[in-house]
Structures are given as C-alpha cells and as structure tokens.
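Please open the model in your viewer and keep the selection panel at hand. The tour below moves from one group of aromatic side chains to the next.

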Amino acid sequence: MNYELFITWNPNEGIGPFRWYGLCWLIGLALAYLIVRRLYKEQKIKDELFDPLFIYCFVGILMGARLGHCIFYEPDHFLTSGKGWIEMFLPIRFLAEGGWKYVGYQGLASHGGTLGLIIALWLYVRKTKLSIWRVLDNIAIATGTTACFIRIGNLMNSEIIGKVTDVPWAFIFERVDMMPRHPGQLYEAIAYGILFFLMWWMHKKWPERIGTGWYFGFCLFYIFTFRFFIEYTKEVQEAFEASMPLDMGQILSIPFVLIGIWCMVRARQAK
C-alpha cells in the first residue's frame, strides 16, 4: 500500500488544560441546550419548565454512559471487586503498586447514555407534568448535534478506531499504530450531523408531529440502524467481542431500533 495517500492523524491532546473529548462533549451539550430552548419558546412552554431540563439530561447521559460501559464492556474489571466499584463512580484508577491516579471517566457507552437520558426525562416529566412524548421529541430533534461532537471528540482522541483498509480516505492513527484504518468516528459524526439538519427540516415541515413520539422514534431508528452497520468497519473494543458473530455495539443497538420503529408506528396510529 502507498502510505503517502492516507491521512496521518495525531492531533495535540487539547487546548491548554482542556482535553478535546471534554470540549466536544461541552460544545455538543451547549448546542443541544440552545436548540431545545428555542423549541420550547416556539411551543410557548414556560421558561421555568425548561430550566431544570439541562441538569436532568446532563446527569442522566453521563451516569448512563458510564454505567453502560462498565456493565456491558468491562464487567470483569468493574463488577468483581470493591476497587472496581469505586472506579466505576469516581474518575480514578488504582495502581498495581499501590495508590491511585486521576484518569477521568475513560469509557462512556452511547447505548447506556441513551437509556440514562430516557430515565432522566421520565423523572423530569414527573416533576414538570409535561407530556413525555413532547419532551422526547424535542430532545430528539437536538440529539444529532451532541452525538456528532461526541464522535468528533473520539476522533481527536484517536479512539474507537476502524479496521485496517486501503480506501483513499483512510486515517493512520499514530497513537495506535501506523496502519491505515477506517475513520469510523468521522463516519458517525457526519451521519449524526446530517441527522440534525434532517430533523430540523422535518420539524419545520411537520410541526404537528411534535408530541406524538414520531421524532423520538425516528431518531432512535436512524442512529442505531447506522450504528449497527458502521460497526462492521470498526475494531472490536474489548477482546471478548472477537469471537462473537455480532459485537456488543450491534447487540445493544437492536432493541433501540425496534423501540424506534414502535414509536413511529404508534405515532402514526395515534394521529
């Protein structure tokens, strides 16, 4: 293979004390915040009902994503010892020679984050008495922005890498090895960016669907269908997945795809 044709990828770790992954999370959440605030204003929902939404979403996504990774991808490490349980909730790692070091939350699973978000929104609507379907639809319209920036963060960190390939747009992740690989993170970032613009256009064209659950269903169906197929271009994240016909990301995507289809069918029947 002619390695000069490929994109060599080795960006710096961040801007000053801020790491790219955290910055991308922050940008994605901030954009979603502004988008949902605008949707609430369009729908004449009171500001005091919007104010607690961000906290519910932030905590739900972070806790769900963290627990999802620990339970689904590294249960042998996190669930089999007291130190593992501590590491699951605190951003530290215990050292073999004793002591510990701060490492941040290394490992966040999108499937767990989605489930955590749904639970958080259920608690939010219990408090505010808003329609759960209206809240889910509004969040779904903004979801593509956050998902897009999270994957850009993965790309900047050279993590969740793709399989070795000879496609002309392959990336050589210098932090990993010198092999040309699919930029799976970039594929997902582009797909989720398209999702946002598509959802924004649809909500303008069919505003009467907001509150039926249709946008929420479409968001789940789009993201996790794409996620299922894009996994074929990725390296497995954990060794135990290598012998499985479907990797963990694909297995966890199937229920969300089915839920998305059910939500869309239910919305059309209700209409």
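**A tour of the aromatic rings**

Begin by selecting Y33, Y40, F50, F54 and F58, which together form one aromatic cluster. Rings of Phe, Tyr and Trp (its six-membered ring) pair if their centres lie within 6.5 Å, with planes under 30 degrees apart counted as stacked, over 60 as edge-to-face and the rest as tilted. This is a predicted model, in which local features need pLDDT of at least 70 and side-chain atom pairs count only at pLDDT 80 or more, while totals for chains, interfaces and linings use all residues. Residues are numbered from 1 along each chain as its sequence is written, and side-chain values use heavy atoms, with hydrogens and water left out.

Across the whole structure, a search finds 18 aromatic pairs. Select W133 and W262 next: their ring centres are 6.3 Å apart and their planes stand at 45°, so the pair is tilted. Because W133 belongs to helix α7 (residues 132-156) and W262 to helix α10 (residues 248-270), the pair ties together parts that are 129 residues apart in sequence; helices here are DSSP runs (H or I, at least four residues), numbered from the N terminus.

Now move to F218 and Y222, whose ring centres lie 6.1 Å apart with planes at 45°, so this pair is tilted. Both residues sit in helix α9 (residues 214-230), four residues apart, about one turn of the helix.

Finally, select R209, which lies over the face of W206 at 4.4 Å from the ring centre, and also over the face of W214, at 4.4 Å from that ring centre. A charge sits over a ring if NZ of Lys or CZ of Arg is within 6 Å of the ring centre and within 35 degrees of the ring normal.

Definitions and conventions
Helices (H or I, at least four residues) and strands (E, at least two) are DSSP runs, numbered from the N terminus.
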